[in-house]
Amino acid sequence: MNWLIILVLMCATGHIFPKSIQNTTSSDEELMENRLEIIETKIASLENERKTRPVLFYATINSRSFILNTDSTIVFETVVINEGDHYNKNDGVFVAPQDGVYMFSWTVSTRDVNWLMTELVVEEKVISSTGVRDVDSGSRSSASMTAFCRMKRDEHAFVRTTGQSGTNYIYSHDNQQRTSFLGMLIKAD
């Protein structure tokens, strides 16, 4: 019985349970609120970083010549820069990471009395086109185009050959003309 009285006195004076259950719960709630604030701040920071991160790519066709039929996507397989990884070097397609105004520019080269007609396509809509016909055997010719367009998030942009000629001869070699494609986000919405 004496030990029971001693136990009651210790509890009453706070020697066994220095904090009340209410104080512990209040302290835990404050800790959870602080952690939640930190997480919300980090999420907002990551969202802002995503919106301000540069979106640009530049890719070329490296040291080869080949023929493409009409309406064929040109795959620029050698990526020089791809900030944000939105250009796919395996299929030649850029996917917009966000709504905004984008700029694209491409250069195509051919040689030896051949045609090469191309167009920039966004979601099956032709934005602009350019092409070249080399008129002298042994010579090389190039054509370039720059275009601006508005894109929505997840829309696709690519360069393809047109129906202007039956075959399109692409010429791209080191230390000579290089067939290339670049794109960048100019203004985010």
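Over how many bridges do β7 and β8 pair, and in which sense?

Analyst: This is a predicted model, in which local features need a pLDDT of at least 70 and side-chain atom pairs count only at pLDDT 80 or more, while totals for chains, interfaces and linings use all residues. Residues are numbered from 1 along each chain as its sequence is written, and side-chain values use heavy atoms, with hydrogens and water left out.

β7 and β8 pair in the antiparallel sense over 8 bridges; two strands are said to pair if DSSP finds at least two bridges between them. Strands here are DSSP runs of E with at least two residues, helices are runs of H or I with at least four, and both are numbered from the N terminus. Within this pairing, L116 stands opposite V132 in β8. The two strands form a hairpin with 2 residues between them, and in this hairpin E123 takes a positive phi near 50°.

On another pairing of β7, the partner is β10, joined to β7 in the antiparallel sense over 5 bridges, with T118 standing opposite T161 in β10. Strand β7, which covers residues 115-122, is largely enclosed by the rest of the structure, because 7 of its 8 residues are buried (buried means under 20% relative accessible area, exposed over 50%, and partly exposed in between, with a 1.4 Å probe and protein chains only).

These pairings belong to an open sheet of 5 strands, in the order β4-β5-β10-β7-β8, with antiparallel pairing. Since β4 (87-88) and β8 (125-133) stand at the edges and have a single partner strand each, one side of each is left without a neighbour in the sheet. Further along the order, β5 (residues 93-95) and β10 (residues 156-161) run antiparallel and are joined by 2 bridges, and the bridge partner of F94 in β10 is A157.

Strand β6 has its place in another open sheet of 5 strands, whose order is β3-β1-β12-β6-β9 and whose pairing is antiparallel. At the edges of this sheet stand β3 (78-83) and β9 (140-151), and because each has a single partner strand, one side of each is left without a neighbour in the sheet. Strand β1 (residues 56-60) pairs with β3 in the antiparallel sense over 5 bridges, and Y58 stands opposite I81 in β3.

Taken as a whole, the protein chain holds 2 helices and 12 strands, and 34% of its 189 residues count as buried. Of its contacts with a separation of 6 or more, 71% are between residues 24 or more positions apart.

Note on methods
Contact = heavy atoms within 4.5 Å.
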